[in-house]
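Here is a note for a colleague who is meeting this structure for the first time. Please keep the sequence and the 3D view open while reading the numbered points.

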Amino acid sequence: GDLAAANYSFASAAHAAFTIGKANSTTLVSCTAGPFTYTGLAQTPCSVSVTGAGGLNLTPDPEYLGNTAAGTAAASYVYPGDANHFASRDSVNFTIGKATLAVDAVAAGKTYDAADPAFAWTYSGFVTGENAGNVTIEGDADCSRTTGETVLGSPYKVTCAPGDLAARGHRQVGERERSARLTRADLGVEQVDARGLDRDADLDV
């Protein structure tokens, strides 16, 4: 250099260390906007970016937890770091909503002036591979029909609301409607089920 002193000259002497420290990295997990609904399959709406000094730019796949069932799921990623970067991590929660099971009223009927039968219902809207036989459903639907007691006024609309039905885990319930008919008393027909409903109701008297 240009060192100068009146009574001294200069010579190179002890060396010193120069250290380069690791730079920070940034891991960001982001998910597309929902809503997400239970399908029975793993849902993977998220992505990862890892960035840092010196051109670090990675897009690994996130790791998921709880992403097949309704409820809160998580996506996360841990970047372990490298020779030039510190480790970093990020995680994001997202919600998978319950699928809706429709509560379908079953068509019914009765003989004029008889008491109404107990209404029945079925379910529809299961995801692939699931049905009423392998899904635990608890409680009862709340079924009712529109008011009326004449043959000519039928069919009357039967509606089954969810009531206190609950499907464990992944499903909620809605409602649908069917019709009920009255058969004429002078036909001598006993209370009919859904299979004989239209035949009995349409007989001429």
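**Notes on the cores, strands and disulfides**

1. Leaving aside its neighbours within four places in sequence, Phe94 is in contact (heavy atoms within 4.5 Å) with Cys31, Phe36, Gln43, Pro45, Cys46, Tyr64, Asn67, Gly71, Thr72, Ala73, Ala74 and Ala75. Apart from it lies another core, made up of nine residues, including Ala141, Cys143, Val158 and Leu165. A nonpolar core here is a set of buried Ala, Val, Leu, Ile, Met, Phe, Trp, Tyr and Cys residues joined through side-chain atoms within 4.5 Å.

2. Before going further, please note that this is a predicted model, in which local features need pLDDT of at least 70 and side-chain atom pairs count only at pLDDT 80 or more, while totals for chains, interfaces and linings use all residues. Residues are numbered from 1 along each chain as its sequence is written, and side-chain values use heavy atoms, with hydrogens and water left out.

3. The largest nonpolar core has 15 residues, of which Val29, Val50, Tyr77, Phe94 and Ile96 touch the most other members. Two or more residues of this core come from each of strand E3 (46-52), strand E6 (71-79) and strand E7 (88-97), and E6 gives the most, with four residues. Strands (E, at least two residues) are DSSP runs, numbered from the N terminus.

4. Three strands make an open sheet in the order E1-E3-E4, with antiparallel pairing; two strands count as paired if DSSP finds at least two bridges between them. Its edge strands, each pairing on one side only, are strand E1 (25-31) and strand E4 (56-58). From one strand to the next the twist averages 15°, where axes are lines fitted to C-alpha atoms and angles run from 0 to 180 degrees between N-to-C directions. The antiparallel pairing of E1 and E3 runs over seven bridges.

5. Which residue of E3 is the bridge partner of Cys31? The partner is Cys46, and Cys31 and Cys46 also form a disulfide, with their sulfur atoms 2.0 Å apart; a disulfide is taken as a pair of cysteine sulfur atoms within 2.5 Å. Because the torsion about the S-S bond of Cys31 and Cys46 is about 95°, this disulfide is right-handed. The pair links distant parts of the chain, with Cys31 in strand E1 and Cys46 in strand E3, 15 residues apart. Cys31 is partly exposed, at a relative accessible area of 26%, whereas Cys46, at 10% relative accessibility, counts as buried. Buried means under 20% relative accessible area, exposed over 50%, and partly exposed in between (1.4 Å probe, protein chains only).

6. The whole structure holds two disulfides, and the other one joins Cys143 to Cys160, S to S 2.0 Å. With 110° about its S-S bond, the link of Cys143 and Cys160 is right-handed. Cys143 lies in strand E12 (residues 142-145) and Cys160 in strand E13 (residues 156-161), so the pair ties together parts that are 17 residues apart in sequence. Both cysteines are buried, Cys143 at 18% relative accessibility and Cys160 with a relative accessible area of 0%. When the bonded cysteines of the protein chain are numbered in sequence order, the pairing reads 1-2, 3-4.

7. Strand E8 (residues 99-105) is mostly covered, since six of its seven residues are buried. E8 pairs with strand E10 (residues 121-124) in the antiparallel sense over four bridges, and Ala105 stands opposite Trp121 in E10.
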